[in-house]
Amino acid sequence: MSPSIPGPRRTPVRGRRAFAATWWGRAWVTALEDSTMDSGRLSRGRTYARQGMVGPTAVAPGQVKAAVQGSRPRPYQSAVHLPVLTDAQWDTLLDTIAARAGHLAALLDGEMPAELVDDARHAGVPLLPQPTELDPECSCPDWGYPCKHAAALCYAIASTIDADPFVVFALRGRGREEVLGRLRARRTAAQATSTPPAPAGLPAVGAYAAWAALAEHTPPLPDLPEPAPHTTALPAAPPPGTGPSTADLERLMTDTAARAARLLTGDTTSLHLTQREDAARIAASNCGPEWLHRLIHNTGARPAAFARLTRAWRYGGPTGITVAEQPHAPDPTAMTAARSALTEALTEMTTAPVAFRAWRNRLTLTDHGIQLRLGPDTRWYPYLQDDDGDWWPAAPPDSDPVTALTSVWQQTER
């Protein structure tokens, strides 16, 4: 039987609050908003959703449907489709959940563990949607993709996904009870055949927190020596066929030592990186072509996309990656002030009129291939557009939008 989940009734959502409060609900909304540059239809869709124009929603494998009231008396039938996972992908996903007891516990508590999503993506299973996966459909005559009715449905279902992460599983093809039943079967089979498991390691964040708590009650450490340029060689090569080479392990040892030294100085940035962010960090350190190829393969990213990720890290670290991948709605006052300052500066830089296009936290000079993105750190990150229409991080960020613009202006005027 197809999983079916009743959605929000036609009651208005008052105010301007966000449609999603959790990170996975926001990921759904971000996938919708990244799937189109038509901000007008998205805005109308938000208005429709807030006014309660979306009827009860029905979730089935690969789609969510609802009647959406438009300007005509008869509501339109809207749907958003999402590819279902194959049986092989489901096996991989269920194995990933079963591998950590905390994953299932979090899901049963109404939480979607970020580590689960990262582990699944690393294994080649997309759980949360990508912008290219959302496929809207509507009976209205609007040619928009999505139209405002399908956009409203996407916004309305976000709160349901917030409250129950199993909705995402249902959209990918299997409902809550089927997922839990298959996980129970895996646990029963594992208990019947497994040997006592090895003790799990302590996550880096927990280890550092324990060390920090102990450090409060112990004398201060002496000044740290300068880190050695190279680690001590391994006493023996790893067994053949185990994966990493001696050079790989020695390089990882060097990187681990450098990160440990930074932790002792209070720099905890590297404790909270996702797999993709850490891969970009390593690639940005000029790791060499062989490692770069492995990083691209193991993250499942396309080479060009990973190259942009690496450049984003090189210019802005973790925040640079956030700016590259996650558009957000900033303070309108900051955007207005930046636009005024840029307009004034451009009157001195060029005699031709300059057209701006504003979308969320991005200001685009449409005729010059330049885009400035306002980051969550209130700095402006300059981007340049290549011949294929893709945007690339082009220079370090600056708190002044005019300085960020001038840092790349000459590159477009050559």
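I began at a strand pairing: Gln385 has Trp391 in β9 as its bridge partner. Strand β8 (residues 380-385) and β9 are antiparallel, with three bridges. For my own bookkeeping, strands pair if DSSP finds at least two bridges between them; helices (H or I, at least four residues) and strands (E, at least two) are DSSP runs, numbered from the N terminus.

Before going on, I noted that this is a predicted model, where local features need pLDDT of at least 70, side-chain atom pairs count only at pLDDT 80 or more, and totals for chains, interfaces and linings use all residues. Residues are numbered from 1 along each chain as its sequence is written, and side-chain values use heavy atoms, with hydrogens and water left out.

Next I looked up the whole sheet: it is open, five strands in the order β5-β6-β7-β8-β9, with antiparallel pairing. At the edges I found β5 and β9 (391-393), each pairing on one side only. From one strand to the next the twist averages 25 degrees (axes are lines fitted to C-alpha atoms, for helices over the stretch in contact, and angles run from 0 to 180 degrees between N-to-C directions).

What packs on the sheet? I found helix α13 (residues 303-325), touching β6, β7 (370-374), β8 and β9, where contact means heavy atoms within 4.5 Å. The direction of α13 makes about 55 degrees with that of β9.

Last, I checked the β5 end. Strands β5 (residues 356-359) and β6 (residues 362-365) run antiparallel, joined by four bridges; Arg357 has Thr364 in β6 as its bridge partner. The two strands form a hairpin with two residues between them, and Arg360 in the turn has a positive phi of about 55 degrees.
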